[in-house]
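Subject: Structure handover and notes

Hello,

I am passing this structure on to you, with my notes on it below. Please read them with the model open.

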Amino acid sequence: MTGDLKQVRLGRSELMVSPIAFGTWQLGGEWGQFDERKAIEAIRHARGLGINFFDTAQAYGFGASERLLARALEDELREARENVVIATKGGLRPISGGSGEVTRDSSPDFLRDGVDESLAALGVDYIDLYQVHWPDPDTPLEETGAVLAELRDEGKIRHIGVSNYSAEQMEELSQTVPVETLQPPYHLFAREIEGDVLRWCLDNDVGVLVYGPLAHGLLTGAIDEDTEFADDDWRSDSPQFSETSLRQNLTVVRQLTEIADGLGCTLGQLAIAWTLVHPAVDVAIVGSRRAAHIEESVGALDVDLDDEALQRIETVIQGAATAAGPSPELNSN
């Protein structure tokens, strides 16, 4: 039994999905240790709330998050597969030696092998949305597009998307196979895509599912100047959480919290709602290891940001330090 949550059309793909997607980057090991039982509970609670859209990737723990997602949704994936939209990503190859490092590889052979591995890890016959994780400068986009079209025609994947691509790269790839969706980083401290990228998506009816709407924890209010990340948490080496940048943005976080309080919502709900205001954005991906957190995120759909609230937010974030997005050379998103 699932909750009643509105669904939106994900661009030209015409997939009908919940505006909040459950993301599983946190469940691959790059965010430090976690309780798998509670993570499975969070996934199942998300489904119970009406979330039907789940995003994962081959690179998240080299299949670990895909397998965990499959365990959590096992019954429904077996009995009512059509009710769940599974998105995964490929195109990051582990560097030999067991270091955990990856390199970009969107070559036909690697993507084809990756799709088969993801299908096995997820325990499904097809992937609803398959996304190329990062652009690969060493593989012509025509070759990447050709194998994606083949995989679609074979029925292994149903829809084709990309992640972290520029407008120019999407335009070029679309000459071989239509790009249906984009997954970019987007939050109050990372707005670079608001220009040509989101405009291109609007003009071409490309569905947008943004990751990092909570600025990787910074916009939850749970991080302060004394927060220390574990050595196996990618944030411990991220410039976004360096002392200078963090101190500047925490001042902004406190001001945003005051706005959220005035609106009767949490800081996190404000941040998620803000991303969904943009006309090009269909879905916000929110990761969680605890059931209560995902329930709070779903509450963002009830937050109404009028013009006055948006202007107040805009004024406050003028004082923010821009947060550089992730990269596969540093982490796997």
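What share of the 333 residues in the protein is buried? Buried residues make up 57% of them, where buried means under 20% relative accessible area, exposed means over 50% and partly exposed lies in between (1.4 Å probe, protein chains only).

Some ground rules come before the rest. This is a predicted model, in which local features need pLDDT of at least 70 and side-chain atom pairs count only at pLDDT 80 or more, while totals for chains, interfaces and linings use all residues. Residues are numbered from 1 along each chain as its sequence is written, and side-chain values use heavy atoms, with hydrogens and water left out.

Overall make-up

The protein has 11 helices and 12 strands. Both are DSSP runs numbered from the N terminus, helices being H or I with at least four residues and strands E with at least two. A contact means heavy atoms within 4.5 Å. Among contacts between residues at least 6 apart in sequence, 77% join residues at least 24 apart.

Helix H1

Helix H1 covers residues 36-49, which is 14 residues. From first C-alpha to last it reaches 20 Å, close to the 20 Å expected at 1.5 Å a residue; the expected span is 1.5 Å times one less than the number of residues. The buried residues of H1 are Ala39, Ile40, Ala42, Ile43, Ala46 and Arg47. They cover an arc of only 155° around the axis, which puts them on the same side of H1; the arc is that of the directions from the helix axis to the C-beta atoms. In general, an α-helix has 3.6 residues a turn, so residues three or four places apart point the same way.

At the N-terminal end, Asp35 caps H1, with a side-chain oxygen 2.9 Å from the backbone nitrogen of Arg37. Just after H1 comes Gly50, which takes a positive phi of about 110°.

A search of the whole structure finds three aromatic pairs. Rings of Phe, Tyr and Trp (its six-membered ring) pair if their centres lie within 6.5 Å; planes under 30 degrees apart count as stacked, over 60 as edge-to-face and the rest as tilted. Two of these pairs are described here.

Phe22 and Phe54 form a tilted pair, 6.1 Å centre to centre with 40° between the planes. This pair links distant parts of the chain, since Phe22 is in strand E3 and Phe54 in strand E4, 32 residues apart. Phe22 and Phe54 are both buried.

Trp25 and Tyr60 form a stacked pair, 6.4 Å centre to centre with 25° between the planes. Trp25 is in the loop between E3 and H1, and Tyr60 is in the loop between E4 and H2, 35 residues apart. Trp25 is buried at a relative accessible area of 7%, and Tyr60 is buried at 1%.

Asp55 also lies in strand E4 and is buried, with a relative accessible area of 2%. Leaving aside neighbours within four places in sequence, the contacts of Asp55 include Phe22, Tyr60, Lys89, Gln131 and Ile285.

Helix H5

Helix H5 (residues 141-153) has 13 residues, which should span 18 Å at 1.5 Å a residue; its end C-alpha atoms are 18 Å apart, which agrees. Its buried residues are Leu141, Thr144, Gly145, Val147, Leu148, Ala149 and Leu151. They pack against helix H4 (108-122), strand E8 (127-132), E9 and H6. After H5 comes Gly155, with a positive phi near 85°.

Backbone exceptions and cysteines

Most residues other than glycine have a negative phi. Asn164, however, has a positive phi near 65°. Asn164 sits in the loop between strand E9 (157-163) and helix H6 (167-173), and is buried at 14% relative accessible area. Ala215 likewise has a positive phi, about 55°. Ala215 is in the loop between strand E11 (207-210) and helix H8 (243-263), and is buried at 0%.

How many disulfides are there? The count comes to zero, a disulfide being a pair of cysteine sulfur atoms within 2.5 Å. Cys201 is buried at 1% relative accessibility, and Cys265 is buried at 9%.

Regards

Terms used
Polar contact = N/O pair within 3.5 Å; in protein donor to acceptor, adjacent residues only side chain to side chain.
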